Amino acid sequence: MKPIRTIIIVIAIIAVLGAGFFFLLKMEPSEEEEAEPSYTSSPTINIYKTEKENITQIKITIEGESYTVAKTDDDRWVVNNDPSIKISQSKADTLAYECSSITVKQLVAEAVTDFTPYGLSEPYAKVEISLSDGTGQNVLIGSKTADGSLRYIMLEGEDKVYAKSASGSESLALKLEKLRDASLYSVSEEELTGISIEKQGSNKIVLAKEEQPTQEGEEPVYLWKMKSPLVKDVNEYNLNENVIQKIISLSFDSVAADNAQDLQAYGLDSPYATYSVSDQETTYAIYVGNETDGSRYIKTTDSPAVYLVESSKLDFLNVGYIQLVDKLIHLENIEDVNGVTVHSANANYELQIEGSGENAGYKINGTPLSEDDFKVAYQYVLGISLDDFVIAGTQPTGEPECTFTYHKKDGSDSVVSFYNWDERNYLVLVNGEGNLLCRKKQVTSVLEHLSQAISN
């Protein structure tokens, strides 16, 4: 059996070698199949090189439009000698780097006299590089190769044609849109101190981040407050999700005009909306104009340019003031207080929490209550909700008809004061400020419930 097995293995090896030899013969290209010209190629061929620092100006003409980016005395790049056109300095530096060392994939042809087949008689783009010594180099970029992966390229005045990757050609002949800084302002979430939003037909919203009182040695604490139309603490989660994150990340999508002369044409003479963002040093004001094809015209006050922004990016303008606050007049977590004093002309109630955790005791006017009954009473006190508001800055007269004073564990108090406003409403101040109205019957209901809680 062993000789037969050896013979079978040998026959198999011969068959494999024969098949391989036949495959090589069939795949060897014939002279007729070598009709496609072969280019002289290498991983990269450098056709122009200088130091990036030598470049003082780059003029790019692409698809019939031209712009010039030049370096100023303070080493900044400026487009068309107009500082109001915002460009990214890092992108301009990258463009200068691309122009300082131009590489290609292939040498296509030499001694060329007719550049038409390569799209170089009327180039797709022209890049004019100027150096600090007064010299320079012009680069012509032509049409794409058949498969679209390369573009023909040459140095003006020479007779050699090369092929450069299409993406590399586009990085060299960069369109102005790609060079722009699309941000409208520069402010981070941490730096943000103020926001205002005003839309036609809606109340103006004014928000401010304010430092809160802390104990000596403690880190500063900042909270957002609404200053108009309500004077009230803000629901910071809603504010962050619906407004802040969208405002700080806003960028424009395209430029409608670099130097707009007729603002009426964009609806910016009487804006659909305006908003502002502030940090410690600067306030950026933005006008929002007409809508066109799913975008709106937008303009900052510090620039003559008009931009287009997708309307969906501006949905923070549609947020109502009531969405940014809790409807309850005032919130104090029961875990943060030792008790509440409810004082009115006809009755006084002391809600007390003694101890903590499982050992906590609960009383109203000295009457012990179960934890559940006490928390229900506490929720009644917290449950006063706003019904309306008056003009911010309106001051009440006389003494409050009722006060809720929350005694906090940190030693401070929060005082909610109810002043007579009209037959139906109280004007409510929280720690001396506010412009909120609540129904008088809500306060009456709280007093009645506290009376029942200690009489049961």
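The model is predicted, so a local feature needs a pLDDT of at least 70 and side-chain atom pairs count only at pLDDT 80 or more, while totals for chains, interfaces and linings use all residues. Residues are numbered from 1 along each chain as its sequence is written, and side-chain values use heavy atoms, leaving out hydrogens and water.

Let's start with empty space. Rolling a probe the size of a water molecule over the atoms shows where such space is left. On a 1 Å grid over the protein atoms alone, a pocket is an open set of points with protein on both sides within 12 Å along at least five of seven lines, a cavity is a set where a 1.4 Å probe fits but cannot get out, and lining residues have an atom within 4 Å of a point. Points are joined across faces, edges and corners, and a volume is the space filled by probe spheres set on them.

The largest pocket holds about 960 Å³ of space. It is lined by 34 residues, and the closest to its centre are Gln 212, Leu 223, Lys 225, Asp 233 and Lys 408. Strand S12 (221-228) gives the largest share of this lining, four residues. Helices (H or I, at least four residues) and strands (E, at least two) are DSSP runs, numbered from the N terminus. By class, the lining has twelve nonpolar, ten polar and twelve charged residues. Here Ala, Val, Leu, Ile, Met, Phe, Trp, Tyr, Cys and Pro count as nonpolar, Asp, Glu, Lys and Arg as charged, and the others, Gly among them, as polar.

The second largest pocket has a volume of about 210 Å³. Strand S3 (65-71) and helix H4 (176-179) each supply at least two residues of its lining, and S3 gives the most, with three. Six charged residues, four nonpolar and two polar ones make up this lining.

A search of the whole structure finds one cavity of 30 Å³ or more, and the largest cavity has a volume of about 50 Å³. Helix H6 (371-382), strand S24 (402-408) and S25 each give two or more residues to its lining. Eight of the lining residues are nonpolar, one is polar and none is charged. Among them are Phe 404 and Phe 418.

Those two residues turn up again in the largest nonpolar core, where they are among the residues that touch the most other members. Such a core is a set of buried Ala, Val, Leu, Ile, Met, Phe, Trp, Tyr and Cys residues joined through side-chain atoms within 4.5 Å. The largest one has 68 residues. Apart from it lies another core of 34 residues, including Ile 62 and Ala 125.

Buried means under 20%, exposed over 50%, and partly exposed in between (1.4 Å probe, protein chains only). Glu 332 is found in the loop between strand S18 (306-310) and strand S19 (337-344). Its contacts (heavy atoms within 4.5 Å) include Tyr 406 and Lys 408. Lys 440 lies in helix H7 (residues 440-455). Although Lys 440 and Asn 425 are 15 residues apart in sequence, their C-alpha atoms are 5.2 Å apart in space.

Key
Lists of a residue's contacts leave out its neighbours within four places in sequence.
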